[in-house]
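Here's a quick briefing to read alongside the model. Have the sequence and the 3D view open as you go.

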Amino acid sequence: MISHQRVEYAPFQSLEDRSRLYAITKRTIDIIGAIVGLILSSPLFLLMSIFYLFGDSKGPILFRQVRVGKNGKKFYIYKFRSMVVNAEEKLKADKELYQKYLRNNYKLEPHEDPRITKLGRFLRKTSLDEIPQLINVLKGEMSLVGPRPVVVEELREYGNRVNEFLSVKPGMTGYWAVSGRSSVDYPERADLELFYVYNQSLRLDLNIIIKTVLTVITRKGAY
């Protein structure tokens, strides 16, 4: 159960709020895209259910974590689980490594992260771990394109611009995701995410989707 459903912020009107036509068109594309994506990826869900029966990956197929969405509303994001079941406990057990994780914008190099499974490394490298977020898109919590959803602690990275960041739905992919992704840290990441907020359009969405396909193929910036 998610507590405190909303994060307080000052209102800001994005294109999603100003243009009903854009909002309806974007939502229609999201619904169609999510349904088609889930149908096409259904064999992968079946295959994953087998892989999660063995080895260090044994356990639940999906990982869920609280993220902050549009208007500060919290929701559970879904991913194929790429970590061991007791991931957070395992990381915090190594106090020095945990401090490094905090200093390094909430991430570690794959080779030094004790939480990631062998299957998880493959899923992350190929971005296949993100596919279950099609469920979030279908539910209306996310969009196909938008700023990547963050945990509450990361909102401080946006400073007095957090209201702009929370004015649009988070996306499965976005401007930051096709501009270096994990190789681009804060505060540059915040600037890239906000570029999308300030320049929203269907043309930009299409451009990002095309670049996402190329990014996934080349595995650029994937951790």
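Which residues do ring pairs link into a cluster? They are Tyr-158, Phe-165 and Tyr-186. Before going further, note that this is a predicted model, where local features need pLDDT of at least 70, side-chain atom pairs count only at pLDDT 80 or more, and totals for chains, interfaces and linings use all residues. Residues are numbered from 1 along each chain as its sequence is written, and side-chain values use heavy atoms, with hydrogens and water left out.

**Rings**

- Rings of Phe, Tyr and Trp (its six-membered ring) pair if their centres lie within 6.5 Å; planes under 30 degrees apart count as stacked, over 60 as edge-to-face and the rest as tilted.
- By that rule, there are five aromatic pairs.
- Tyr-98 and Tyr-101 make a stacked pair, with 6.0 Å centre to centre and 25 degrees between the planes.
- These two tyrosines are three residues apart in helix α4 (residues 95-103), so about one helical turn separates them.
- An α-helix has 3.6 residues a turn, so residues three or four places apart point the same way.
- Tyr-101 counts as buried at 13% relative accessibility (buried is under 20% relative accessible area, exposed over 50%, partly exposed in between, with a 1.4 Å probe and protein chains only).

**Charges over rings**

- A charge sits over a ring if NZ of Lys or CZ of Arg is within 6 Å of the ring centre and within 35 degrees of the ring normal.
- Arg-64 has its charged end over the ring of Tyr-76, 3.9 Å from the centre.
- Arg-189 does this with Trp-176, its charged end sitting 3.8 Å from the ring centre.

**Salt bridges**

- Twelve salt bridges turn up in the structure, each being a side-chain nitrogen of Lys or Arg within 4 Å of a carboxyl oxygen of Asp or Glu.
- One of them joins Asp-17 to Lys-70, with the closest N and O atoms 3.1 Å apart.
- Asp-17 is in helix α1 (residues 15-18) and Lys-70 is in the loop between β1 (62-68) and β2, so this pair ties together parts that are 53 residues apart in sequence.
- Asp-17 itself is partly exposed, at a relative accessible area of 35%.
- Arg-115 bridges to Asp-113, the closest N and O atoms being 2.7 Å apart, and both residues are buried.
- Glu-130 meets Arg-148 at 3.0 Å, N to O.
- That pair links parts 18 residues apart in sequence, because Glu-130 lies in the loop between α5 and α6 (133-139) and Arg-148 in the loop between β3 (143-145) and α7 (162-165).
- Glu-130 counts as buried at 12% relative accessibility, and Arg-148 does too at 8%.

**Helix α5**

- Helices (H or I, at least four residues) and strands (E, at least two) are DSSP runs, numbered from the N terminus.
- In α5 (residues 118-126), the buried residues are Leu-119, Gly-120, Leu-123, Arg-124 and Thr-126.
- Their cover includes α2 (20-51), β2 (74-80) and α9 (202-218), where contact means heavy atoms within 4.5 Å.
- Ser-127 follows α5 and has a positive phi, near 65 degrees.
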